[in-house]
Each structure stands twice: as structure tokens, then as C-alpha cells.
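This briefing goes through a sheet, a helix and the nonpolar cores of one protein model. Please keep the sequence and the structure in view while reading.

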Amino acid sequence: MKQLILPALLALALLLPACDRNEANPGEVAIVNGTPITLKQPQSVHDSLILSGDNPNRSVDALRAEYGSVLSEMIIQELVVQELERKKMSVTPEEMAAFEEELLQDFPPEGFERMLLEESIDVDMWRASLFRRLSMEKFNSQVLRPQVSITAEEVEGYYLKHQDEFKIPERINFVQFSSLIKDQVVSAAEQFRKKQDPAAIQARFQNMSIRMVIMREDRLAPELISALAKLKPGDASAPMELNGEYVTIVLLGTEKSRLPSREEMYSRIEATILEDKIQSVFQQWLERKVEKSSIKVSRHLLPDNLR
């Protein structure tokens, strides 16, 4: 749902001037239809987004903008939570427990608790954040998605309109042998040209790396481009120095530029159209919801032009 949240922040910011912006109670930075959001909530999210190497001396305006962005996102999430509750579709304790268990599978025993302690993360704030995340996902899949449909004609039209974007450029196919020992790459390339199996060559030269490469020419190092230009399929280059190693390449061939078929692109096109349509439905829902809601925001987190 993150792709829905980010554009919606702008819509919310544009609609906030019409909202009641009276001071909230101490410790509260916003009230959404009677439900308070305390300073601790956006503060917890904000702190989790700050990298350890981030500049701690940010200006007051920069901090206000960062907190305002986090708060806007939390207001949107609260509106979604309330909508799910109204529809009697709220995230259940069982759904929370299942998702939490899935996340904890990536940690060793007691590793999760240790991580929370080391990162100074409040477990209640973490679970609240998890609840909002699940609510957004449920809203997307069970409320927004059923409102959207895609026809074969739409997919066909998108395919015809965006063919230039789908075109796969010409790519060069070659094998790269890299080692700190010059004679190894020369010998390995020669053995490969004699149809020896790359796995057998790798076993013979364990300190050498063998890479099968299929890549556009403009993504390659200049040294490789220059060497490839001199080769025919099946030829091996002279050894060259690259990134502190000796490198030899064997050209296998060139894959011509081509346009994928409709069948190859169908799922990708369908996903793109689906995302755009869901975004549009969400944006319309948000605008209506904000207009009908009572949202009070602390003036301290509003931009200067809205205070």
C-alpha cells in the first residue's frame, strides 16, 4: 500500500486547510474523528526511519516537515482503520498473530526481543505499526481491489501505446574468467573454447571466478567493450587487467533487439493498469473521506503557510 500512501499525502496536505486546526490536548498532535494520535506515535515511526549516520543537526523546519509527513501518513492510516471498522472488516487478533509469527521466523530464538532492545523500539508501538500496515493491505485487497476490473482491450491498448518501453535492447552474451593469476584465465578460456564444461573448469581452478554474462553493451566496462569489439563468436580475448584481476572473455554471441509478445507482457501490463486504477480509486475515496471527517492537527506540525 506504500504506493498509495505517498501520492495521497499531497492530497491530504491540500485538504488540511479546510480542517479544524485548534490545539489538541497536551501530548496529542492530531485527532481523527475523535481518535487521538499522540506525539509518541509519529515520533516512534520517525525515529525508525532515521539512519544511524544521519545528520542529527537538522533544522527545525526540516524536522517539522519530516514529522508532518509521518503524521499525514498516520492520519490516512487511521481513516482506513476506521473505514474497515465501519465495514466490520477490521484486522483480527488471529491475523495479527499469524503475521507476527511469519515475521519472527526470520529471527533466531530471542533474537527479535534482542533487536527491539538494541534499537530501543517500544514493542507496543511496533505492534501498532504492524496493525496499521495490515489494515492498509486488507483495505487494498478487500475494499479497493474488488472495485477495479481490467479488460483485454485495455491490455492491448496499453501494449500498443508503450511498445518502445517494452523493447528489449540488443545484449551481448559472453563468458568472463577472472583470477589473480594471468595464466589461469588464459588456460581456462582455451579449455572452454574446446567445449569443456564450465563446472569442470571451475573445479580445476578453484581460485578463479567464471561468470556467464548477458548484458547491454552500455552497461559494460569500457575495457570489456573494447575487447568484445575485436572478437567473433567463439573467440577469446587477450588477458587484460580489470579491477585488480586478470580477465579473459569468450564471446558467445549477440542477442538481437526484440519486442516481447503480448503474451509475455500480459501479466506485467495487467499489474501496471491495476496499480494505476487502485491508486485512482483510493485517491477518490480519500478526498471524500477527508471532506466528511473531523481532523484536528497541532499547528506546530503544519507548514508555516497553513498555520
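The model is a predicted one, in which local features need pLDDT of at least 70 and side-chain atom pairs count only at pLDDT 80 or more, while totals for chains, interfaces and linings use all residues. Residues are numbered from 1 along each chain as its sequence is written, and side-chain values use heavy atoms, with hydrogens and water left out.

**The sheet**

- Strands β1 (residues 28-32) and β2 (residues 35-38) run antiparallel and are joined by four bridges; strands are DSSP runs of E with at least two residues, helices are runs of H or I with at least four, and both are numbered from the N terminus.
- The hairpin of β1 and β2 has two residues between the strands, and Asn33 takes a positive phi near 50 degrees there.
- An open sheet of three strands has the order β2-β1-β7 with antiparallel pairing, where two strands pair if DSSP finds at least two bridges between them.
- The edge strands of this sheet are β2 and β7 (295-297), each of which pairs on one side only.
- On average, neighbouring strands of this sheet are turned by 20 degrees against each other, direction ignored, with axes taken as lines fitted to C-alpha atoms and angles running from 0 to 180 degrees between N-to-C directions.

**Helix α4**

- The buried residues of α4 are Met96, Phe99 and Glu100, where buried means under 20% relative accessible area, exposed over 50%, and partly exposed in between (1.4 Å probe, protein chains only).
- The buried residues of α4 pack against α6 (123-144), where contact means heavy atoms within 4.5 Å.

**The nonpolar cores**

- The largest nonpolar core has 25 residues, and those with the most contacts inside it are Ile37, Ile75, Leu79, Phe139 and Phe282; such a core is a set of buried Ala, Val, Leu, Ile, Met, Phe, Trp, Tyr and Cys residues joined through side-chain atoms within 4.5 Å.
- Two or more residues of this core are given by each of β1, α3 (60-86), α6, α12 (262-292) and β7, and the largest share, eight residues, comes from α3.
- A second, separate core of 13 residues includes Val213, Leu224, Leu231 and Leu242.
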